[in-house]
Amino acid sequence: MSATAGHAETNLAVRLGFQTGMVVQEIGYDEDTDQELRDLIEETVGSELVDEDYDDVADAVVLWFRDDDGDLTDALVDATTYIDEGGSVLLLTPKTGRDGYVEPSDINDAATTAGLSQTKSINAGKEWNGSRLLTPKAARSGSKR
């Protein structure tokens, strides 16, 4: 067993569904994003995150969203246009009490309206909560990603 095998089991990016070789598009990057989480995702997938201008299909999307960023349902629908069928969206929102906090019920409503299934919510860093959302095909198949 390699030294990294044990690390992979506890790696937050792996627990969030990221795997080596995935193309991950990042939307909503700003100065308040968690650089440590970004670095961990890049280390896990083995490449840099691609930005909003990426013009090909990605395996997953990391969406940083704050309450004042507009309509969450629209942002989720837009995010799903960038990912491969069966992909996932990691929705990152500020924690309770932080500027831009988004109510969990608003996340659930927006995800449902956008046709996504929420699989888990997780502490994604000091300032951010994460919600892993799956496209319908991924949700039906039990998510192979």
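This is a predicted model: local features need pLDDT of at least 70, side-chain atom pairs count only at pLDDT 80 or more; totals for chains, interfaces and linings use all residues.

Reply: Let's start with a term: helices (H or I, at least four residues) and strands (E, at least two) are DSSP runs, numbered from the N terminus.

Me: OK, is Glu48 buried or exposed?

Reply: Glu48 counts as exposed, because its relative accessibility is 63% and the cut-off for exposed is over 50%.

Me: And how far is Glu48 from Val24, C-alpha to C-alpha?

Reply: Their C-alpha atoms are separated by 8.1 Å, and the two are 24 residues apart along the chain.

Me: Let me zoom out. How many helices and strands are there in the protein chain?

Reply: The protein chain has six helices and five strands. Going along the sequence, they come in the pattern α-α-β-α-β-α-β-α-β-β-α.

Me: What share of the residues counts as buried?

Reply: It's 46% of the 145 residues of the protein chain. There's also a figure for contacts: take those between residues at least 6 apart in sequence, and 73% of them join residues at least 24 apart.

Me: Now the helices. At what angle do helix 4 and helix 5 cross?

Reply: Roughly 45 degrees, and the axes of helix 4 (residues 72-80) and helix 5 (residues 104-113) come within 8 Å. Angles under 35 degrees count as roughly parallel and 65 to 115 as roughly perpendicular, so helix 4 and helix 5 are oblique to each other. The crossing of these two helices is right-handed.

Me: Which residues make the contact?

Reply: Helix 4 brings Leu72, Thr73 and Leu76, while helix 5 brings Asp106, Ile107, Ala110, Ala111 and Thr113. Sorted by class, the contact between helix 4 and helix 5 has five nonpolar, two polar and one charged residues.

Me: Which residues of helix 4 are buried?

Reply: Leu72, Thr73, Ala75, Leu76 and Ala79 are the buried residues of helix 4. Around the axis they cover an arc of only 160 degrees, so they are on the same side of helix 4.

Me: What do those buried residues pack against?

Reply: The buried residues of helix 4 pack against strand 1 (24-27), strand 2 (58-64), strand 3 (83-94), helix 5 and strand 5 (128-134).

Me: And helix 5, which residues are buried there?

Reply: In helix 5 the buried ones are Ile107, Ala110 and Ala111. They cover an arc of only 100 degrees around the axis, which puts them on the same side of helix 5. On the other side of helix 5, Thr112 and Thr113 are exposed. The buried residues of helix 5 pack against helix 4, strand 3, strand 4 (117-123) and strand 5.

Me: What follows helix 5?

Reply: Gly115 follows helix 5, and its phi is positive, near 80 degrees.

Me: New topic: where is Val61 found?

Reply: Val61 is in strand 2. It counts as buried because its relative accessibility is 0%. Not counting residues up to four places away in sequence, Val61 touches Gln25, Ile27, Ala79, Tyr82, Ile83, Ser88, Val89 and Leu90. Val61 and Ile27 are 34 residues apart in sequence, yet 7.2 Å apart in space, C-alpha to C-alpha.

Me: Last one. Is Ile41 buried or exposed?

Reply: Ile41 is buried, with a relative accessible area of 1%. Its place is in helix 3. Not counting residues up to four places away in sequence, Ile41 touches Ala13, Phe18, Val24, Leu49, Val62 and Leu90. From Ile41 to Asn11 the C-alpha distance is 9.3 Å, and the two are 30 residues apart in sequence.

Technical notes:
Residues are numbered from 1 along each chain as its sequence is written. Side-chain values use heavy atoms; hydrogens and water are left out. Axes are lines fitted to C-alpha atoms, for helices over the stretch in contact, and angles run from 0 to 180 degrees between N-to-C directions. Angles under 35 degrees count as roughly parallel, over 145 as roughly antiparallel, 65 to 115 as roughly perpendicular and the rest as oblique. A crossing is left-handed if the near helix is turned anticlockwise from the far one by less than a right angle, and right-handed if clockwise. Contact means heavy atoms within 4.5 Å. Ala, Val, Leu, Ile, Met, Phe, Trp, Tyr, Cys and Pro count as nonpolar, Asp, Glu, Lys and Arg as charged, and the others, Gly among them, as polar. Buried means under 20% relative accessible area, exposed over 50%, partly exposed in between (1.4 Å probe, protein chains only). The arc is that of the directions from the helix axis to the C-beta atoms.
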